[in-house]
Amino acid sequence: MKIIDIKNLTKSYGKNRGIEDVNLTVNEKEIFGFIGPNGAGKSTTIKVLLNFIFPTHGEAKIFDLDCVKDSVKIKENIGYVPSEVRYYGNMKVRDIISYGESFHNNIDKEYVQQMCKDFSVELDKNISELSLGNKKKVAIIQAILNKPKLLILDEPTNGLDPLIQQKLFETLTKLKNEGSTIFFSSHNLSEVEEFCDKVAIIKEGKIIDIKDISEYSRKKIKKITIKTSEVIEEELLSLGIENLEKNNEVLNFYYSGAINPLLSLLIKYKIEDLTIEEKNLSETFMSYYYKEDK
Amino acid sequence: MNVFKVEVKRGFKSLIIWSIVCILMIILFMSMFPSMKDSGMQELVNTKMDALPEAILDAFNLKDAPDFSKLNEYFAYVFQYIVMAGAIYGGILGAKSLIEEESEGTIEFLYAKPISRTKIVTSKILSSIVLFYIFIILMAIGSIIVALVVKPADLEFINVVMDMKKLYLGLFLVGMVFMSIGFSISVLIPHLRLATPISIGTFFITYLLGIFSQMIDSLEFLKYFSPSNYAVPSEILKNGFDTTNILLALIISIICITLTYIIYRKKDLKI
């Protein structure tokens, strides 16, 4: 079942770029990472999903309901953690959580209490007294207190210490196993790599690629470095290598084909040095950015 | 209902501050009443006032030469300053109501919850009205107590209360108009920091129009553009409410509130 379905979504602001023709599908029980540099359009997309802003063209659906017309109905079953948590400063944490609860029926109070304990949230402090990370924790609690079918997080790990980050991802994984779908934006590549099932990469308002991470890891891209004084680039390129770079005698490239043809090619030449590494996802993403920049 | 309650709670602090300041104003003015009552003082004031050009008297609603030795007339004079304060408070309440959540980012909490924009507007409007209503009640109680203290023995308590009732109804009317204008300001301005200056500006511009309308005969029609003129305290006490003014107040409020709903339901929230 499609949880999020975005079709040809465009949002243009006066000066700002916004997003252009975004297409995206998130399936049930997926952890979907949405990554891109700052200002690429991640938050804009999320704001359209939550009806904070209206689309210029195209449509966005959640649970097969229209994000503009059925916003209230959609929100009964979602949770949202903003990138920058700004709450009513003079309210107590306890009050903001019960305020959050008051919008939903059938709140499992014990579950909420347990979550507050797990995240060591200080209930009796005023919001204004909390540090960035502690505010984020409150935001996380109030986003999951209704056990949402879909959890949307905008750069959730910003300002969280590593321990809480770990706790967050444990919770997310647990929520996923209980049937929730998770959509989060980030510019932290390693967290995306570790937790997501699927990743969409956005740059300058456009989706550049959507990758299935499991499929990706099956493909096993190698990062290969060769030192040789001979000219073998032409032959390498015919094997289907990517991102070839040459520095003096050192050749750098990515290769995802079969190993044997590569070895039989190399064996014909005098190779001074050879390194074969597993290329991790972060590098794939970085290569996207660089490729586009060139 | 939950939003309404939280909003009333959040507005309580400024409500108390406004009430205290305004009640202090009343106490200050009314404590001068016993000396005003002295016949000598009355003469003095009247001579001074006769010396003033008529236009100035018009501008400050002194045209009918209020008799400051009468508690009601004196209070009505004092009360126009309270109306000013109340109108400004109402205007600020309205102008802050919706833009505050956007500028402070709290709308990201509220609008991620299952609540429609219509309901957000309704809760904000109702909570602002209730806060303003409480302000009026506090002020009325304060004024009645102060009036009791300085009341001359020959004045019936019930008359004081009845006059107060009229005056505060007038204040509520004027405050509501400025609050409604404030609501539309709140959906139009790009940032919270503009809310207070624009609502105060609106008040004083319309107030000036009212003064012009009284000073210059050919500009008399301008009085309809000045909501503070819809309930001039001394006139209410003398002649009661004017139907045209009440109708105008209602029409302006309805138009502004409708506009607020329409715009807020369609606007991109600025976060």
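This is a predicted model: local features need pLDDT of at least 70, side-chain atom pairs count only at pLDDT 80 or more; totals for chains, interfaces and linings use all residues.
Which residue of β5(A) does A:Lys61 stand opposite? It is A:Asp66. I'll come back to that pair in a moment.

Strand β4 of chain A, residues 57-62, is joined to strand β5, residues 65-66, by two bridges, and the two run antiparallel. The hairpin they make has two residues between the strands, and in that hairpin A:Phe63 takes a positive phi near 50°. β4(A) also pairs with strand β1 of chain A, residues 2-11, again in the antiparallel sense, over five bridges. If you want a pair to locate there, A:Lys7 has A:Glu59 in β4(A) as its bridge partner.

Now the six-stranded sheet in chain A. The sheet is open, the pairing is mixed, and the strand order is β6-β7-β8-β3-β9-β10. The edges are β6, residues 78-81, and β10, residues 206-212, each of which pairs on one side only. From one strand to the next the twist averages 15°.

A:Tyr80 has A:Ile152 as its bridge partner in β7(A), and A:Val81 stands opposite A:Leu153. On its other pairing, β7(A) is joined to β8(A) by five bridges, also parallel. There A:Leu151 stands opposite A:Ile182. To get from β7(A) to β8(A) the chain passes through helix α6, residues 162-177, and this β-α-β crossover is right-handed.

Which helices pack on this sheet? Helix α1 of chain A, residues 42-49, is one of them, touching β3, β7, β8 and β9, with its direction at about 145° to that of β7(A). Helix α5 of chain A, residues 132-144, touches β6 and β7, and its direction makes about 170° with that of β6(A).

Is β7(A) enclosed or exposed? Five of its five residues are buried, so the strand is largely enclosed by the rest of the structure. In a regular strand, side chains alternate between the two faces of the sheet. In β7(A), A:Leu150, A:Ile152 and A:Asp154 lie on one side, A:Leu151 and A:Leu153 on the other, and all are buried. Note that A:Asp154, a charged residue, is in that buried set.

Most residues other than glycine have a negative phi. A:Asn51 has a positive one, near 65°, and A:Glu204 has one of about 50°. A:Asn51 lies in the loop between α1 and β4, while A:Glu204 lies in the loop between β9 and β10. Their surroundings can be stated by count. A:Asn51 has 25 C-beta neighbours inside 10 Å, and 20 or more is the cut-off, so it counts as buried. A:Glu204 has 14 other C-beta atoms within 10 Å, and is therefore partly exposed.

Next, the contact between the chains. Chain A puts in 16 residues and chain B 17. On the chain A side, these divide into eleven nonpolar, one polar and four charged.

That brings me to chain B. How many helices and strands does it have? There are twelve helices and zero strands. For its 271 residues the globule rule gives a radius of gyration of 18 Å; the value for chain B is 20 Å, close to that, so the chain is as compact as a globular protein of that length. The C-alpha atoms fill a box of roughly 65 × 45 × 30 Å along the principal axes. Of the residues in chain B, 37% count as buried. Among its contacts with a separation of 6 or more, 79% come from residues 24 or more positions apart.

One residue will do as an example in chain B. B:Ser143 is found in helix α8, residues 117-150. With 24 other C-beta atoms within 10 Å, B:Ser143 is buried. Leaving aside residues up to four places away in sequence, B:Ser143 touches B:Ile26 and B:Met164. B:Phe75 is 68 residues from B:Ser143 in sequence, and the two are 9.2 Å apart, C-alpha to C-alpha.

That is where I'll stop.

Note on methods. Residues are numbered from 1 along each chain as its sequence is written. Chains are lettered from A and ligands numbered from 1 in the order in which they are written. Helices (H or I, at least four residues) and strands (E, at least two) are DSSP runs, numbered from the N terminus. The radius of gyration is taken over C-alpha atoms; the globule rule is 2.2 Å times the number of residues to the power 0.38. A residue is buried if 20 or more other C-beta atoms lie within 10 Å of its own, exposed if 12 or fewer, and partly exposed in between; C-beta atoms are placed from the backbone. Two residues are in contact if their C-beta atoms, placed from the backbone, lie within 7 Å. Two strands pair if DSSP finds at least two bridges between them. Axes are lines fitted to C-alpha atoms, for helices over the stretch in contact, and angles run from 0 to 180 degrees between N-to-C directions. A crossover is right-handed if, with the strands pointing away from the viewer, the path from the first strand over the helix to the second runs clockwise.
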